[in-house]
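Me: Could you take a close look at the aromatic side chains here and the part of the fold they sit in? Keep it chatty, but give me the cut-offs.

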Amino acid sequence: MTALLIQLPPAMPDDISSAPESTLLGRPDSPCVGICSTLFDEVCQGCGRTQLEVSNWVFMTDEERNVVWTRILAEGTAQGYNPDGSRK
């Protein structure tokens, strides 16, 4: 019988202050609210992102994401968000 060894990732430190700070200002990881309309609209009515922003979101830096978030909230047209950034 052969033993199977699994290496676990290192444990998270108890002191999270050593973790890198995110510049997303406490926002969700993605503006997606599950009301997708990017197949029919140039800008998704649910989250307010363009098709290009939706497809590239996982590759964007925090700075690029903040630019998108700022535009979404400034325009105030996304059905999923109030102008203050809270979810509807």
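Reply: Arg-49 lies over the face of Trp-57, 5.0 Å from the ring centre, and Arg-87 does likewise over Tyr-81, at 5.9 Å. "Over" asks for NZ of Lys or CZ of Arg within 6 Å of the ring centre and within 35 degrees of the ring normal. Bear in mind that this is a predicted model: local features need pLDDT of at least 70 and side-chain atom pairs 80 or more, while totals for chains, interfaces and linings use all residues. Numbering starts from 1 along each chain as its sequence is written, and side-chain values use heavy atoms, leaving out hydrogens and water.

Now for the ring pairs: the structure has one aromatic pair (Phe, Tyr or six-membered Trp rings with centres within 6.5 Å; planes under 30 degrees apart are stacked, over 60 edge-to-face, the rest tilted). Trp-69 and Tyr-81 have ring centres 5.3 Å apart and planes at 85°, so they meet edge-to-face. Trp-69 belongs to helix H2 and Tyr-81 to the segment after H2, so the pair ties together parts 12 residues apart in sequence. Helices here are DSSP runs of H or I, at least four residues, numbered from the N terminus.

Trp-69 is buried at 1% relative accessibility, and so is Tyr-81 at 3%; buried means under 20%, exposed over 50%, partly exposed in between, with a 1.4 Å probe and protein chains only. Within H2, Arg-65, Asn-66, Val-68, Ile-72 and Leu-73 are among the other buried residues. Looking down the axis, the buried residues of H2 fall within an arc of 165° (directions from axis to C-beta atoms), so they line one face. Glu-63, Val-67 and Ala-74 are exposed on the face turned away. After H2 comes Gly-76, with a positive phi near 65°.

Terms used. Helix = DSSP H or I, 4+ residues; strand = E, 2+ residues; numbered from the N terminus.
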